Amino acid sequence: MIKSLTLRRPDDMHLHLRDGAMLAAVAPESARDFARAIIMPNLAPPIATMAQAEAYRARIMAALPKGAQFEPLMTLYLTETTDPADVARAHSSGLIKAVKLYPAGATTNSHGGVRDLGQVMPVLEKMADIGLPLCTHGEVTTPQVDIFDREAVFIDTVLDPLRRRLPQLRVVMEHITTQEGVSYAAEGPNLAATITTHHLILNRNHLLVGGIKPHYYCLPVAKREKHRQALLRAATSGHASYFLGTDSAPHVDALKEHACGCAGCFTATNTMPLLAHIFEQEGALNQLEAFTSQNGAAFYGLPQNEAQITLIKSAQPTVFPTKILSQAGPVTVFDPGFAVHWQVQA
Ligand code: NCD
Ligand code: ZN
């Protein structure tokens, strides 16, 4: 061992666990290193009611390895027929920690999402009243707007007007990918942003130069290098507005390596070693704990985790599994394309 680093156990504030065979395969991958995770509700059909979230939580608990210390933090999928009273009950019972806004058509299983924000104002007003955060997939879906501009246009035309209308609403800008997202998130109050592991590593060249890399395709799509640099500065700044949400999103290889491949990178298995590598490279290992274990809990009003994990750095590169095998088929583990010497101590 040439270095070690002990942190409070991290939280993953944006995670896709899926259901059934995929849930069984990927839940242990997150439970190994993470204490808690905000669980995304974009199943088919979506987790849109308190009753559905309760049942889904039970399926997640059943999929965890014996003795796992992992708490799923549930969310509801916002639809144009969401009942504000159901949301309020799910919140006051302690079951849910957020509601997720998917603009209809923006990403995987988002067709049941929101077309007209006017339709969901009663829900958003209730959330502002009770202090329940809204997590946003921040991309417009207007066909005329270029896919690389969809985040910045969302901020200007949807998010900023919404926050002016409901300044008390607490908002998490999920998986920001642009310098515009980084700057806007710092404008607070009542605002924060998650940043993924893969967006700290990839720019759009990694996705497209030398052949299309389906396992680097995710939404929002990776942007230019200057945007990746802005994300790196934000994540390593220690600033309370930014925290980890891996957006680890498993799809079987057959659907990634496909003529119309699914969006999502699967990073649950190796996120912490990859982040240690990146933060060390930026000379910011001392900010890793704020990013992975403190800022998110603080925004969500959760206690800081008392348990710890230790990352160790060896002279030998770490060998990660290349695939996780599920009954639904293999899932490729994110390959950063460089050697990583960090690992989480067992
Ligand atoms: C996510 C998925 O597959 O559910 N995909 C992705 O590329 N990030 C959905 C999402 O968060 O956009
Ligand atoms: Zn996601």
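How many disulfides does the count come to? In this predicted model, the count is zero. The rule requires two cysteine sulfur atoms within 2.5 Å, and two of the cysteines show how the distances compare with that cut-off. For Cys218, the nearest cysteine sulfur belongs to Cys265 and is 4.3 Å away, so with a limit of 2.5 Å Cys218 is in no disulfide. For Cys260, the nearest cysteine sulfur is that of Cys262, at 7.6 Å, and Cys260 is likewise in no disulfide. The surroundings of these residues can be stated too. Cys218 has a relative accessible area of 1% and is therefore buried, whereas Cys260, with a relative accessible area of 61%, is exposed.

The next topic is ligand 1. The space that ligand 1 takes is the largest cavity. Around ligand 1 there are 15 residues, of which Asn42, Thr107, Leu219, Asp247 and His251 come nearest. By residue class, the shell around ligand 1 is made up of nine polar, four nonpolar and two charged residues.

Thr107, one of the residues that come nearest, places a polar side-chain atom 2.7 Å from an oxygen atom of ligand 1. Arg18 has a polar side-chain atom 2.8 Å from an oxygen atom of the ligand. In Gly264 a backbone N or O atom is involved, and this atom lies 3.2 Å from an oxygen atom of ligand 1. On its own, ligand 1 has 320 Å² of accessible area, and the protein covers 100% of it.

Definitions and conventions. Residues numbered from 1 in each chain as written. Chains lettered and ligands numbered in written order. Predicted model: local features only at pLDDT ≥ 70, side-chain atom pairs only at ≥ 80, totals over all residues. Heavy atoms only, no water. Near = heavy atom within 4 Å. Polar contact = N/O pair within 3.5 Å; in protein donor to acceptor, adjacent residues only side chain to side chain. Areas by Shrake-Rupley, 256 points an atom, 1.4 Å probe, with all protein chains shown as cover. 1 Å grid on protein atoms, 1.4 Å probe; cavity = no way out; pocket = protein on both sides within 12 Å on 5 of 7 lines; lining within 4 Å. Sits in = over half its atoms within 2 Å of the grid points. Nonpolar A, V, L, I, M, F, W, Y, C, P; charged D, E, K, R; others polar. Buried < 20%, exposed > 50% of the residue type's maximum accessible area, 1.4 Å probe, protein only.
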